[in-house]
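Visitor: Could you show me how to read a protein model, step by step?
Guide: Gladly, let us look together.

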Amino acid sequence: MSTAKGPSAAQVVLAGLLPLVLIGAMTAWFLAGGAERLGLVQPPIEKLAIERVVFRTQEIVLHVRNEGPGPMSVAQVFVNDAIWDFSITPGRELDRLKGATISIPFDWIEAEPYLLTVVSGTGIRHTREVEIATATPVVSVKTLGVFGLLGVYVGVIPVLLGLLWLPFLRSIPRVWLDFWLSFTMGLLVFLGIDTVSESLEILERVPEFLNGLMLIALGTLGAFFGLVGLGRVLSAKGADGNRAAAGSAASGMGLALLIAIGIGLHNLGEGLAIGAAYTLGEVALGSFLIVGFTLHNTTEGLAILSPLIERKTSVRDLVLLGIVGGAPTILGTWTGAFTYSDPLSLLFLGLGAGAIFQVVWVLARGRATKGEPVVEALARPLNVAGLLAGFLVMYATSLLVAG
Amino acid sequence: MRPSVRRPVTARAVERPASAVPAALGALLVAALIAAGCGGSREDAAARGAAAGDSLAVHARDHAIRALTTFDTGKVTRLPDGRTLREYWVDAEHAEIEVAPGVRFPAWTYNGAVPGPTLRCTEGDSVIVRFTNRGSMPHSMHFHGIHAAKMDGVFEQVSPGETFVYSFNAEPFGLHIYHCHTMPVKMHIARGLYGVFLVDPKKPRPKAREMVMVMNGFDTDFNGEDNEFYTVNGYANVFFRDYPIPVKRNELQRVYLINITEFDLLNSMHTHATFFDVYPTGTSLTPSEYTDVVTMGQGERAILEFTYKHTGRFLFHAHQSEFAELGWLGQFEVKP
């Protein structure tokens, strides 16, 4: 053994700690005024984020956060470019990253646009535009019911309806199986890109210091590799227990469940977006939009079905899959409507995208026979046709949800 | 004889307003150092912060009220030919002021506050203004009046630390202004370098209660395009919120109204429940109009004379509602 000649445990610890100690010392020196001594300090640029606007009866509430590099103060508030009375808790002085709630007594009018401005102590205007003012829902049995029902319409019912295609899929010739699985891939690729695009829209509203893009990446990579790992565990269990199931977990109920989880996360994000958009007054949730979402999401049920075509499936399992895929929408609409948080939405949408791309990956590998490169398998005419058809169906139904 | 002027109590507090801020800040600094030495708590720090902010607010409020009724008539001496010589001292200083509650503004000022002092004299007086530039860039004083080219404050820029002596005869009588004419003029005016130059006619106007109102704006975010706040005498809503102006019923009121608002084409004043005689530029003793709204471009000014027939509280404000709701709002409190 060479341990006698190697470094002792204490030496290892010291070697590990030394850089940390030095970094700590340097940080302390800079914070204690070293940066000023070097002449590096410039007048800070103020940044105040108006994170959330809440409309209550004769009151507008702003949730603000100081995301600039130094402390700042809230001096005046304008509503539509007029000085207005306000109260602020916990106080006007905001340290870096500290938030406050500003309450403005104002007799606002439903469906009108508002320009809300916070003027800081140095006279800088920080502005947020609300396109359409609508009363922000408060948690009550009624609003929970309304937004819950919205989630059921947009998420649960469509996915369950999509599952009703199972007998049809089973009755068509086996040759077409490849087509349907590729079709599912097309649907999922669309959903994955759609999820990323939704998160990029939200990204614009997220404070810079939170590094929203990396939150999306964290969610995407986390879900992708987490589910790859989960898939391995599932197939390993199958190998231990039932030989016949070995290696097929990723193509049967296991795969269906993975798809349902991915779609569920996507629908969670979709629910968040719908609830929040409604709350922010960005969309009028007309019946047309709900119909659009319903049709669009029915295809998601189809995607869950593809691994189940060749095996027996109980109604109980189907309902379970439908709920895993659809019910998160309800959670999303509630969260979005009552406690909307942009950074959290990014994380969820990232998870959704990662989950969906993982399923696409599993399906793509499933198209290949042993030893065949995945890309070549996907290039077979039936697969190409299915992929494009799935994508186009999603695209067409998405047109119903314009905006 | 100049009519006596009712002044608010606070008006006499400090002769040169500029000295109050450094003194207060200095005291605070000492207090802060002592507190820091004693390991002052967070509460102490918060209290100090509030006090520092408050002193700016108090200063802004007091200056606006004081500017309303304070006239600098200069140091008076009699010349051999019998004429009156008036000497004034004006310094350009860069100072942080407050323009609306909690909103600080790094201003360029005459004598430490915005607007600068109201310099008052009588037609025909010999006027000497000793102008010292205590700022960090060239400034000047350009008087609206009739004077020699060298006294115009345009081509004779005054460098930091230098003094320039403006000398001219006061003519014509009327309500005039002075302001910095260093380029870019837009910026030097927007930053606060202006004041009132009032030349009384040899035969005084009728006895009245007199007030100076300087209409201006502050571009606090320095976008160079528009104003965040509009004020009279430098502090938003001061005569609405802090000091409703007391007025005696049936007493003649005379407002020396100046518009020096930058960026916006016009500013205006509207009085509620009374009408006034307008003397444009104050160069005639005959009013041009009897109205309740007067609208002026930048640099225009007018003398308004009115009385209140009824007691109670009456608003006065810009009749650009936008300006009124961004700080140009006041009230007269009419008492028997």
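This is a predicted model: local features need pLDDT of at least 70, side-chain atom pairs count only at pLDDT 80 or more; totals for chains, interfaces and linings use all residues.

Guide: Residues are numbered from 1 along each chain as its sequence is written, while chains are lettered from A and ligands numbered from 1 in the order in which they are written.

Visitor: How many helices and strands are there in chain B?
Guide: Helices (H or I, at least four residues) and strands (E, at least two) are DSSP runs, numbered from the N terminus. Chain B has five helices and 20 strands.

Visitor: What percentage of chain B do buried residues make up?
Guide: A residue is buried if 20 or more other C-beta atoms, placed from the backbone, lie within 10 Å of its own. Of the 336 residues in chain B, 43% are buried.

Visitor: Which residues have the most contacts inside the largest nonpolar core?
Guide: A nonpolar core is a set of buried Ala, Val, Leu, Ile, Met, Phe, Trp, Tyr and Cys residues joined through C-beta atoms within 7 Å. The largest has 102 residues, and B:Ile97, B:Val99, B:Met213, B:Tyr256, B:Leu257 and B:Trp328 have the most contacts inside it. Strand 2 (residues 84-100) of chain B gives the most to this core, seven residues.

Visitor: Which residues does B:Tyr256 touch?
Guide: Two residues are in contact if their C-beta atoms, placed from the backbone, lie within 7 Å. Leaving out residues up to four places away in sequence, the partners of B:Tyr256 include B:Leu175, B:Val196 and B:Ile303.

Conventions: A residue is buried if 20 or more other C-beta atoms lie within 10 Å of its own, exposed if 12 or fewer, and partly exposed in between; C-beta atoms are placed from the backbone.
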